[in-house]
Amino acid sequence: PVPLVGRFEPRFLELPPEVLVATLQDHQRYFPVRVGGGALAPLFVAVANIESKDPPQVRAGNERVVRPRLADAAFFYAADRKATLDSRRAALAAVTFQAKLGSLADKSARITALAVQIARTTGGNATHAQRAAELAKCDLLTAMVGEFPELQGVMGRYYALKDGEADEVAAALAEQYLPRFAGDALPATGAGLAVAVADKLDTLVGIFAIGQKPTGAKDPYGLRRAALGVLRILIETGVSLDLRELIRVALDSVRADVMRLQEGTLPFSAAEKGSVPSFDALPNDIYDYMMERLRAWYLESHAGMTTEMFDAVLDTRPASPLDFDDRLRALEAFLKLPDAASLTAANKRIANILRKAGEQPSPRVDPSLLTDPNERALATGLEELRQDVERLVTARRYAEALTKLAALRPAVDAFFDHVLVMAEDVRIRANRLALLAALQKLFLHMAN
């Protein structure tokens, strides 16, 4: 391989740097060149596959090839700037997003409603989120994005700034597609976060709603990436949102559009009209699908995490992905405590006893029926800790709550060593089962 430095006219540096990189690197397979401060230089590095006898001729040939590509990009950029993004909104209705889910205008309307709700819930600027969602797909109709699809969102940001839109609105147009791949950056603005989550959830919910969820290795709509993108955003930016509620709201909007299209002549045939799945089961199906993506992410990127730990938290069905993360990290820390093995074994034993008992525990523990000093000690310790643990759980301070429960280990061990739970006296037996159920309930506040 023989590298050669070529040049292009400095006037092309007036183009957004992403356009130059897309032209030189992605389309021509050249290396763009940056100067010390990071700005692009009017240079590129091409690589020949042999040592040429006439390097200037090879250099000139590469320069001759790249010049019209840059000229086309400059033409597209100038042409696009003659119309505002807002003026393109009406044309979104003529572009199909997905035949059974409507046009880009339909999708934009659904994204807007969801993004506004997210912004309000997170304390963001709902006005900026609404405006960003309204303009989010407009740059797809520009000549530049038509030629360079990888610049979707990026060009929207440049055009929005040129149109005089707010900085946060412009930034959100680029951030709506983040994260694009594993390890990619996340939205940095409130509007960007709202639109990114809304866009991905709308796609995810919509494709599930028309019965085209991924199977095996096929994922034509990138739903795995969309699901993990939503989860990463909510967990890594520390935003606590009710995922179940977001799915429900997104599904309501999708349902309305699907039914409207279904009642028309297109795009459903008679056979297809019966193929749309029941909407009733979809919220749980979508939640479960996203949790499986979350499981894969944790196991791949978090050393020491096990599928058993994940399942223990998943059993509590946390609504917020951030809450899920808090519980999982607390459980990970708890399992490193010296008392953890004994308590987890006791918790399994309690679950087995309650399951095999074949009878309901008493609704509450009756102190007058605590006949053994070991069960009285456990009941006293449990009552002393209960309010503190519940307060910590409400505050989502799970690690502290589990640490407090670890203090019960001596009393739990003594109870199982000296107390017969399935006593012959029905009232004492029911009371002891109630004591175990109360202990189990405290653990189940955090993980199973």
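Reader: How many positive and negative side chains does the protein chain have, and how far apart do the centres of the two sets lie?

Author: This is a predicted model, in which local features need pLDDT of at least 70, side-chain atom pairs count only at pLDDT 80 or more, and totals for chains, interfaces and linings use all residues. Residues are numbered from 1 along each chain as its sequence is written, and side-chain values use heavy atoms, with hydrogens and water left out. Lys and Arg count as positive and Asp and Glu as negative, without His and the chain ends, each charge being placed at NZ of Lys, CZ of Arg, CG of Asp or CD of Glu. The protein chain has 55 positive and 57 negative side chains, with the centres of the two sets 2 Å apart.

Reader: Which residues of helix α7 are buried?

Author: Helices are DSSP runs of H or I with at least four residues, numbered from the N terminus. Buried means under 20% relative accessible area with a 1.4 Å probe, protein chains only. In α7 (residues 167-175) the buried residues are V169, A170, A171, A172, L173 and E175.

Reader: Which helices hold Y77 and Y159, and how many residues apart in sequence are the parts that the pair ties together?

Author: Rings of Phe, Tyr and Trp (its six-membered ring) pair if their centres lie within 6.5 Å; planes under 30 degrees apart count as stacked, over 60 as edge-to-face and the rest as tilted. Y77 and Y159 are stacked, at 6.0 Å centre to centre and 25° between the planes. Y77 lies in helix α2 (residues 55-80) and Y159 in helix α6, so the pair ties together parts 82 residues apart in sequence.

How values were computed:
Buried means under 20% relative accessible area, exposed over 50%, partly exposed in between (1.4 Å probe, protein chains only). Helices (H or I, at least four residues) and strands (E, at least two) are DSSP runs, numbered from the N terminus.
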